[in-house]
Amino acid sequence: MSVGVDTCPWLPGTDTDTVTSTFSLVDYVVFVLLLVFSLAIGLYHAFRGWGQHTVGQLLMADRKMSCLPVALSLLATFQSAVAILGVPSEIYRFGTQYWFLGCSYFLGLLIPAHVFIPVFYRLHLTSAYEYLELRFNKAVRVCGTVTFIFQMVIYMGVVLYAPSLALNAVTGFDLWLSVLTIGLVCTVYTALGGLKAVIWTDVFQTLVMFLGQLVVIIVGSRKVGGMVHVWEVASEHGRISGIELDPDPFVRHTFWTLAFGGVFMMLSLYGVNQAQVQRYLSSRTEKAAVLSCYAVFPCQQVVLCMSCLIGLVMFVYYQKCPMSTQQAQAAPDQFVLYFVMDLLKGLPGLPGLFVACLFSGSLSTISSAFNSLATVTMEDLIRPWFPQFSEVQAIMLSRILAFGYGLLCLGMAYISSQMGPVLQAALSIFGMVGGPLLGLFCLGMFFPCANPPGAIVGLLAGLIMAFWIGIGSIVTNMASGMAPSPSNTSNFFLPSNLTTVTMTTLMPSTTLSKPTGLKRLYSLSYLWYSAHNSTTVIVVGLIVSLLTGGMRGRTLNPRTIYPVLPRLLALLPLSCQKRFHCISYSQVDLSADTAAFPEKMSNGMLKNSGDEAVAVPEEGSAHQGNSPTFILQETSL
């Protein structure tokens, strides 16, 4: 397939429908070098000390990673081709309102750093879902693991398909051969090298992503007259958005939707997702894990700014240089690649660098998913039932699992080809499935009265609600046959070598007439999916827990609880704390080994006694018989 538009002030004497190929041999060399270097890094860590590897090294990098590589790996894990393609297209079509998503990064990373990481790290977990067994029981752990596997396998299909579709549109390179290439390369180095290989390839691929986007911004702004001119033209055409304070959650993008709905999306990604938790837990110290989470914040802001600037430069470029007919009929998520090929025409190697940037995003995300999927399957679904596995057998099985998930995700790429624009499709899946998982962890961590029946029923309710709204919106839009407005959805045209169809996205659309009743519910903004679904889990889980007796008669590990109210009250003056009759953190001895409880309780369990949650030691513990009672929660303040 050929691309490129030649009708521009700096490319005179051409026709808008004339397209020329711009992907040269040098570009192919740059692209192949990315795959070769990624594979080489992975194989280096795979064969370094071959035969001496342990399961801990393979799945957790021996828990000796430093802050910087972990931070870059955290960034790369979900900074995939989905975002590199989708965000500039979003800005090009709808303006800079999406930029306010950056406001959600503050709480979305601060909460994991000070709530989730301390609890997970001090429990010395390998899988995040081990927490669910410690807090509830094995059945809840299995439910959480199966939900995560479902979430990540589907998401990997989107991430694997997106850059392959882009490469097909730009170069004519066979779509499914591209899918196989990236999938197999990633599978090989992930299965053989383990988490350490994944983290260090992420570092390399992150640098490639930064470089590729930076080149587009610099070259593009110079060609259209500089960034000042870009901003002026974008402002004249209404692409620079102000703060939209409409509180309506059914409006696709507002300040509240992006800044606060986005917090829940960020928490589902950086708080409880195994792909990220595994990186925190691979850090050599808890402080390094927290610092790596802090380091992601400025990096995320820079990445978001770069993507938004590419969208603005692209908008100004096409004001001077109209799209060809072929480009105008392409999927919105292909706009960026067409723009890059037009922009970097005559600069050999740079188009290949940007395509390498896209594939870096996909490689980093997919490798993280394969590794995390293999880890949770091994730790949550196999080892508890077959503890007799030797170290060699466990290593071999972990590698087989990584290969198996790689092949499974290759198949899911076909399903992804039937989805709408990839940015919203990917975020929808995380909202639909990630939201209930976030709610499950919050239910266990913040509500001591929640019990296993409440957790399971709450999770099921959250998943049912998620898919009810998600699938209902698609069915409603298809049945209505009405063209959606540009404020809430978009058309999706597949390239001309495939069957051309028009589909609504996974997001509910707002038609010209406002929907009512259930149709109104189906138009909920996709960025509120995580908040809505996680809240459903918590509310239903608490109701069921209270109806089934709460934690009465059940033991509760104090290290699995993060007591929000006592921590907030501890910030008040001592006189105010006495008025509330609540324990103060100045009155107890905090342990470095527990997130929120005295050292005397670190080996104990919590057991419900009447109306109070009291600490009692485990049988055989050093404190048995002389452990004092600590009031953690009272029925009234």
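A: Helix α15 is mostly covered: 31 of its 33 residues are buried, meaning under 20% relative accessible area, with over 50% exposed and partly exposed in between (1.4 Å probe, protein chains only). The model is predicted, so local features need pLDDT of at least 70 and side-chain atom pairs pLDDT 80 or more, while totals for chains, interfaces and linings use all residues. Residues are numbered from 1 along each chain as its sequence is written, and side-chain values use heavy atoms, without hydrogens and water.

α15 spans residues 350-382. Its first and last C-alpha lie 46 Å apart, close to the expected 48 Å (1.5 Å times one less than the number of residues). Helices here are DSSP runs of H or I, at least four residues; strands are runs of E, at least two; both are numbered from the N terminus.

Now the pair. α5 (residues 104-122) packs on α12 (residues 286-320) at about 160°, with axes 9 Å apart. Axes are lines fitted to C-alpha atoms over the stretch in contact, and angles run from 0 to 180 degrees between N-to-C directions. That makes α5 roughly antiparallel to α12, the term for angles over 145 degrees.

Which residues meet? In α5 they include Tyr 105, Phe 106 and Leu 109; in α12, Glu 286, Ala 289 and Val 290 are among them. Contact means heavy atoms within 4.5 Å.

Across the whole chain, there are 22 helices and three strands. Buried residues make up 58% of the 637 residues. Of the contacts with a separation of 6 or more, 81% join residues 24 or more positions apart.

Definitions and conventions. Parallel < 35°, antiparallel > 145°, perpendicular 65-115°, else oblique.
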